[in-house]
Amino acid sequence: MTANTLGKIAAVCSIVIIIGWGVYWAVQVQDTMCLLEAATSEDMPECLEQMYE
Amino acid sequence: MDIVFIFEWLDASWLSELARTSAGVFSMVQAVHILSMIMLCGMLILGDLRMLNVVLTGVPSDVIIQNTKKWIYIGLVGIILSGIYEASAIAMKLATNSFFWAKMAGLAMGIVFLLSVRSAVYSRAPEVIGSNGPQSDAVEAWVVKLVALANLFIWFSVAANGRWIGFS
């Protein structure tokens, strides 16, 4: 494999991982924070309604 | 694909029985798990930060990558073996834990990325090629830095997800 091809593949993989995994992970953390908030508060938080829309 | 049967099998195994009844052994294995993670991530961080020209800039990067490789594999074996033991104690809980699955996805992605992209790109980094062969064989410097950032991100998420399992 040429250095140019390897560089292109590596760059695409890295960008996909940073953006794709970052978005997935951020949503997951946000959902968990919302569930934690729901578990500790008496009222249903807004984020919980949005989560199940 | 339903793989809950694997967790049911693990939950009913002698390993699970041992993990639940021997608090002393469990805490020791937990320490091994954390130390293996520290060693694995420490070695990865060292190599990646070197490739980003942040640490040990006076040491050739190929020397660091070559010398950390063995310890990365030892750390990987350590986290996987101790992780199976730890997971056996709460197998059914983990089967439905989203952070556990995120950690496993990150771990699988990290291993594949480590053995394929990171390894190939670092062995053809401009600094490494510069001392051995023509610069046309070298991957561009910004790609090397991008790979280092992606690798750091993957392993940070693996460690963070592991911690989140404890909170959820």
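1. Order of elements. From the N terminus on, chain B runs α-α-α-α-α-α-α-α. That comes to 8 helices and 0 strands. Helices (H or I, at least four residues) and strands (E, at least two) are DSSP runs, numbered from the N terminus.

2. Basis. This is a predicted model, in which local features need pLDDT of at least 70 and side-chain atom pairs count only at pLDDT 80 or more, while totals for chains, interfaces and linings use all residues. Residues are numbered from 1 along each chain as its sequence is written, and chains are lettered from A and ligands numbered from 1 in the order in which they are written.

3. Overall form of chain B. Its C-alpha atoms fill a box of roughly 60 × 35 × 25 Å, taken along the principal axes. Chain B has 168 residues, and 34% of them count as buried. A residue is buried if 20 or more other C-beta atoms lie within 10 Å of its own, exposed if 12 or fewer, and partly exposed in between; C-beta atoms are placed from the backbone. Among contacts in chain B with a separation of 6 or more, 76% join residues 24 or more positions apart. Two residues are in contact if their C-beta atoms, placed from the backbone, lie within 7 Å.

4. Nonpolar core. The largest nonpolar core holds 31 residues. Such a core is a set of buried Ala, Val, Leu, Ile, Met, Phe, Trp, Tyr and Cys residues joined through C-beta atoms within 7 Å. A10(A), V121(B), A125(B), V139(B), V143(B), V144(B) and V147(B) touch the most other members. At least two residues of this core come from each of α1 (3-40) of chain A and α3 (23-51), α4 (61-89), α6 (98-123) and α8 (141-167) of chain B. The largest share, 9 residues, is supplied by α8(B). In soluble globular proteins, nonpolar side chains tend to be buried together.

5. Chain interface. 13 residues of chain A are in contact with 21 residues of chain B. The side of chain A that touches chain B divides into 9 nonpolar, 4 polar and no charged residues. Here Ala, Val, Leu, Ile, Met, Phe, Trp, Tyr, Cys and Pro count as nonpolar, Asp, Glu, Lys and Arg as charged, and the others, Gly among them, as polar.

6. α1(A) and α6(B) pack at about 165°, with their axes 11 Å apart. Axes are lines fitted to C-alpha atoms, for helices over the stretch in contact, and angles run from 0 to 180 degrees between N-to-C directions. α1(A) and α6(B) are therefore roughly antiparallel. Angles under 35 degrees count as roughly parallel, over 145 as roughly antiparallel, 65 to 115 as roughly perpendicular and the rest as oblique. On the α1(A) side, the contact is made by L6(A), A10(A), C13(A), I17(A), W25(A) and Q28(A). On the α6(B) side, it is made by S98(B), A102(B), M109(B), V117(B), A120(B) and V121(B). The residues of this contact divide into 10 nonpolar, 2 polar and no charged.

7. M37(B). This residue lies in helix α3 of chain B. Is M37(B) buried or exposed? M37(B) is buried, because 20 other C-beta atoms lie within 10 Å. Beyond residues up to four places away in sequence, M37(B) touches I79(B) and A159(B). The C-alpha atoms of M37(B) and A108(B) are separated by 15 Å, at 71 residues apart along the chain.

8. Loop between α3 and α4 of chain B. Both N53(B) and L56(B) are placed here. N53(B) has a positive phi of about 60° although it is not a glycine. L56(B), also a residue other than glycine, has a positive phi near 45°. N53(B) is partly exposed, with 14 other C-beta atoms within 10 Å. L56(B) is partly exposed, with 14 other C-beta atoms within 10 Å.

9. D137(B). This residue is found in the loop between α7 (126-132) and α8 of chain B. D137(B) counts as partly exposed because it has 14 C-beta neighbours inside 10 Å. Not counting residues up to four places away in sequence, D137(B) touches A3(A), R124(B) and I129(B).
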